Amino acid sequence: MIERIVRIPPKLLRYTYRPRGDWLALPVVASVAGITLLHYLTGAHFLPYHSIYRSLYYLPIAVAAVRWGWRGGLLVSLAISALYLPHVLLLGQQMPDGLPDNLLEILAFSFVAALTGWLADAQRRERRETAALRGYLDTILRSLPVGVGTTSGSGTIVARNPAATRIVDEFGASLTIPPAPGYSELRGEGRTVAVWRAPLKHATNGSAEDVLVFEELTEQRRLEERVRQAERLAALGKLAGGLAHEIRNPLAILRATTQLLAAKLAGDAGLRHYTAVLTGEADRIDSLIGALLSYASPHPPAIGRVDVRLLLHELATACRPYAGQHGVRIETGMSGELPQVAVDREQLRQALLNLILNAIQASPQGAAVMLSCEQQTTRLCVVIRDQGPGIPPELRNRVFDPFFTTREAGTGLGLAVVARIVADHGGTIDLEAPPDGGTVARLCLPVLPSGGVPPVCECYPRLEA
């Protein structure tokens, strides 16, 4: 039975198949009354007619049993027996040999009523269980977060649940159903959808249909990439923490020796040039080591309330002279009240300054860098938009990797430090490529809830240099 396969919750039995048809009571009563009148109005010598009339009783009995179950069938059969019995007794006085047959026929009325009603009740139970199972499975399919659908022999999706409809509609025409059974991943417009295809086995239908299962993997792939990035950053942090001091000590000796040598060779312009190069490169290495130490062992955030709008105005004012040297304008587009965030102001300032300077350096002369804020439910997002050449799609997932840079003079640590600061504050940082060109850096942080400062998200391990 069905309930042995799937245990159906009792509340889902509301899908019970309950035939409606109380209006049949009048035809049943009328037919019983009409057949009984025919018996009483037809003479006893018309025995073949009485046999036909007696057989007609099975029609209302069967209708009642099918419509109202064995109880309704028995009730009608007992009523017929009560109406027909006086006629049987009256007829038996004239034809004694027919009395046993008529009495057995009356018993047959009840037997047929009980059997037909029992079969009808069994069928109704099957229909009720089938309808309940259908409703239960429909509820499951509608509640699934993954999409489920079926395809026809031509590959067209002929049935799907709401999740599949949403995925197919949102993915658009670029969603191509895999031609062969198995697992595949479809990518397009920054999204990833996993598709499982398997033959749909019919018990009685041999049509070539397949079942499809869709799962949106965009957010999962994004989280996996962040985890891989965190692992890479942690590995680099361990390396930087272990080597930074060891390199700095001999570097300090090398720089001091070079300065001493330059002092002794002050009269030789050619040699003094080489010593200046050595000193400059030593300073550059020292700066790089400082950046590594800053990344590998950052200071714990000093959390406080920060008005991001005021901080952006302050940064815009501070960066305008530098932007002017590159022929770039800085514009701000913030209006209305915005919630505060709970962050380390200096660390957030460092992260935003890195993003703004990158945007200025990537913008051509005469372009503008736009700074704005927008609130998204529980997050406050800082949006920095430039009009530069943009980031190629194949490099977009690598820009936060340490030592990855597209500039000749870059160290490749600026955006890595930004990603670390943002993650330490429980935020997210994404680089987007708008259709009209340029790059949009979106830095989002949790807004400050009423009643206190939220805890800091320890997204990366703290490393001792």
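Reader: Where is the place of Pro 178?
Author: Pro 178 sits in the loop between helix 6 (162-171) and strand 3 (182-188). Keep in mind that this is a predicted model.

Reader: Is Pro 178 buried or exposed?
Author: Pro 178 is buried. Its relative accessible area is 11%, and buried means under 20%.

Reader: Leaving aside neighbours within four places in sequence, what is Pro 178 in contact with?
Author: Ser 184, Val 195 and Arg 197.

Reader: And how far apart are the C-alpha atoms of Pro 178 and Leu 212?
Author: They are separated by 9.7 Å. Along the chain, the two residues are 34 residues apart.

Reader: New topic. How many disulfides does the count come to?
Author: One disulfide. Cys 381 is joined to Cys 444, with 2.1 Å from S to S.

Reader: Which hand does the link of Cys 381 and Cys 444 have?
Author: The link is right-handed, with 105 degrees about the S-S bond.

Reader: What does the pair tie together?
Author: Parts that are 63 residues apart in sequence, because Cys 381 lies in strand 10 (residues 379-386) and Cys 444 in strand 12 (residues 439-446).

Reader: Are Cys 381 and Cys 444 buried or exposed?
Author: Cys 381 is buried, and Cys 444 is buried too.

Reader: What about Cys 373, which is in no disulfide?
Author: The nearest cysteine sulfur to Cys 373 belongs to Cys 381, 9.0 Å away. A disulfide needs the sulfur atoms within 2.5 Å. Cys 373 is buried, with a relative accessible area of 13%.

Reader: Back to strand 12. How many bridges join strand 10 to strand 12?
Author: Eight, and these strands run antiparallel. Asp 386, for instance, has Thr 439 in strand 12 as its bridge partner.

Reader: How does strand 11 (residues 428-432) pair with strand 12?
Author: In the antiparallel sense, over five bridges. Ile 429 stands opposite Leu 443 in strand 12.

Reader: What do strand 11 and strand 12 form?
Author: A hairpin, with six residues between the strands. In the turn, Gly 437 has a positive phi of about 95 degrees.

Reader: Why is strand 12 largely enclosed by the rest of the structure?
Author: Because seven of the eight residues of strand 12 are buried.

Reader: Switching to helix 9 (residues 308-325). What's its reach from first C-alpha to last?
Author: Helix 9 has 18 residues and reaches 26 Å. That is close to the 26 Å expected at 1.5 Å a residue.

Reader: Where does helix 9 bend?
Author: At Cys 319, by about 40 degrees. A proline, Pro 321, follows within four residues. Cys 319 is buried, with a relative accessible area of 4%.

Reader: Which other residues in helix 9 are buried?
Author: Among them are Val 308, Arg 309, Leu 311, Leu 312 and Leu 315. Ala 316 and Ala 323 are buried as well.

Reader: What do the buried residues of helix 9 pack against?
Author: Strand 6 (303-306), strand 7 (329-333), strand 8 (341-344), helix 10 (345-362), strand 9 (368-376) and strand 10.

Reader: What happens at the start of helix 9?
Author: A side-chain oxygen of Asp 307 comes to within 3.1 Å of the backbone nitrogen of Arg 309.

Reader: And just after helix 9?
Author: There, Gly 327 takes a positive phi of about 70 degrees.

Note on methods
Residues are numbered from 1 along each chain as its sequence is written. This is a predicted model: local features need pLDDT of at least 70, side-chain atom pairs count only at pLDDT 80 or more; totals for chains, interfaces and linings use all residues. Side-chain values use heavy atoms; hydrogens and water are left out. Helices (H or I, at least four residues) and strands (E, at least two) are DSSP runs, numbered from the N terminus. Buried means under 20% relative accessible area, exposed over 50%, partly exposed in between (1.4 Å probe, protein chains only). The expected span of a helix is 1.5 Å times one less than its number of residues. The bend at a residue is the angle between axes fitted to the seven residues ending there and the seven starting there. Contact means heavy atoms within 4.5 Å. A polar contact is a pair of N or O atoms within 3.5 Å; within protein, one must be able to donate a hydrogen and the other to accept it, and residues adjacent in sequence count only if both atoms are side-chain atoms. Two strands pair if DSSP finds at least two bridges between them.
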